[in-house]
Amino acid sequence: MKTTHTSNTQPLNDRARRLLRALVESYVREGQPVGSRTLARTAGLDLSPASIRNVMSDLEEMGLVSSPHTSAGRVPTAQGYRLFVDSLLEIKPLDSQEVRTLKERLNPELDTKSLVESASDLLSAVTQMAGMVRVPRRDHAALVQIEFLKLSGRQVLAILVMNKNEVQNRILQLDREYSHSELQQMANYLNEHLAGLDLRQAREQVLREMKAVREHMNTMMLAAIQLGEQAFSDEGQDDQVVFTGQIHLLDYAELSSVEKLRSLFEAFTEKRDLLTLLDTCISAQGVQIFIGQESGHKVLDDCSVVTAPYNVGGQVVGVLGVIGPTRMAYERIIPVVDITAKLLGAALNSRN
């Protein structure tokens, strides 16, 4: 498992590292500011509370911890969580039974939409946070067959059969009406020339044919190519993401203000900011962790986002992850996200 991000925090000595780690683990577990006596008990160091307070003061000066006004204890800052995740965290791999349970829920016999929804449900249920899955980019799917069904007026339903279990329906608006027999002829032409290509290749092929042999085409061939170009267009097809379990965010005190919740739920509804964040992860390798302002989206300033890409045919086709408070059990969340991405990719691969 590979987690990527950069930290600009200066190195700490061993004593400070152990105390910061104990503080983060205690705060994640209990949700309460951590005092020096608690740290003296849990850090495994033979230090007096006074010595611990001195180290805490140093950590606070470095911006790694802060002191809430209502308590003498301290809590990690986003910068403190970042150092913890980058250099102090011990990942806890899932046991074999947990992996089997996840695998059973991601049944390759399900269609893509159901698989994606199951993955998002799993992430939410296991982590008790909001799960999200970027719907696979459809370019990777190979075309088995295309059919055109005449609707009312100039509308035509394009039915794209992809691989074994995938059917995509797209309504096309044409510049004139075509008869059933004309639509059948056009489908036959496209099936003969494009079957077996993925959608990206099919788009490229029809565009090449439109440019290269336009003058040699008869009217029906040209109409078929134009219809295929519209059917294989990726416009509006790759902007989908499935969210589940947003209700879990109500359980975290640090996110429970009305203003924060309203902003978060608006972001889930509008999707734009979250899609932008997920799209930045498609080109990255391994698990990505965004803590607080690292996401670049103000609505997530009090949240952490953990994502991982999933692959089909050796190519990244989507990203999944969870959104929760910065006070999350990273050692548990990271492997859940990582394994779920691998299992979703395996389920999609097995159908190709």
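These legends walk through a handful of close-up views of a predicted model.

**Before you zoom in.** Because the model is predicted, local features need pLDDT of at least 70 and side-chain atom pairs count only at pLDDT 80 or more, while totals for chains, interfaces and linings use all residues. Numbering starts from 1 along each chain as its sequence is written, and side-chain values use heavy atoms, with hydrogens and water left out.

View 1. Helices here are DSSP runs of H or I with at least four residues, strands are DSSP runs of E with at least two, and both are numbered from the N terminus. Helix α1 covers residues 14-30, and its 17 residues should span 24 Å at 1.5 Å a residue; the end C-alpha atoms are 24 Å apart, which agrees. Just past the helix, glycine 31 takes a positive phi of about 75 degrees.

**View 2. The buried side of α1.** Buried means under 20% relative accessible area, exposed means over 50%, and partly exposed is in between (1.4 Å probe, protein chains only). The buried residues of α1 include Leu19, Leu20, Leu23, Tyr27 and Val28. What do the buried residues of α1 pack against? Their partners are α2 (36-42), α3, β2, β3 and α4 (78-88), where a contact means heavy atoms within 4.5 Å.

**View 3. Arginine 74 meets glutamate 60.** A salt bridge puts a side-chain nitrogen of Lys or Arg within 4 Å of a carboxyl oxygen of Asp or Glu, and the structure holds 15 of them. In this one, the side chains of arginine 74 and glutamate 60 come together at 2.9 Å, N to O. The pair links distant parts of the chain, 14 residues apart: arginine 74 sits in the loop between β2 (65-66) and β3 (75-76), and glutamate 60 in helix α3 (residues 49-61). Arginine 74 counts as buried at 14% relative accessibility, whereas glutamate 60 counts as partly exposed at 30%.

View 4. Arginine 327 pairs with glutamate 254, their closest N and O atoms being 3.1 Å apart. Here the link is between loops: arginine 327 is in the one between β11 (315-325) and α12 (330-349), glutamate 254 in the one between β8 (241-244) and α10 (258-270), 73 residues apart. Arginine 327 is buried at 17% relative accessibility, and glutamate 254 is partly exposed at 21%. Lysine 260 and aspartate 302 also form a salt bridge, at 3.5 Å, N to O. Lysine 260 lies in helix α10 and aspartate 302 in the loop between β9 (287-291) and β10 (303-312), so this pair ties together parts 42 residues apart in sequence. Elsewhere, Arg21, Glu25 and Glu90 are linked in a salt-bridge network.

View 5. All five residues of β4 (residues 130-134) are buried, so the strand is largely enclosed by the rest of the structure. Ala130, Met132 and Arg134 point one way, and Gly131 and Val133 the other. Four bridges join β4 to β11, and four join β4 to β8; β4 runs antiparallel to β11 and antiparallel to β8. (Two strands pair if DSSP finds at least two bridges between them.) Which residues are the bridge partners of methionine 132? Glycine 321 is the partner in β11, and phenylalanine 243 is the partner in β8.

**View 6. Nonpolar cores.** A nonpolar core is a set of buried Ala, Val, Leu, Ile, Met, Phe, Trp, Tyr and Cys residues joined through side-chain atoms within 4.5 Å. The largest one has 82 residues, and those with the most contacts inside it include Leu19, Leu20, Ile323 and Tyr330. Helix α12 gives the most to this core, with 10 residues. Isoleucine 323 touches, among others, Met129, Met132, Leu249 and Phe268, leaving aside residues up to four places away in sequence. A second, separate core of 25 residues includes Ala158, Met162, Leu199 and Ala202.

**View 7. Positive phi at two loop residues.** Glutamine 128 has a phi near 60 degrees, positive although the residue is not glycine. Glutamine 128 is in the loop between α6 (112-127) and β4 and is partly exposed at 38% relative accessibility. Lysine 271, also not a glycine, has a positive phi of about 70 degrees; this lysine lies in the loop between α10 and α11 (272-282).

Notes. Two strands pair if DSSP finds at least two bridges between them. The expected span of a helix is 1.5 Å times one less than its number of residues.
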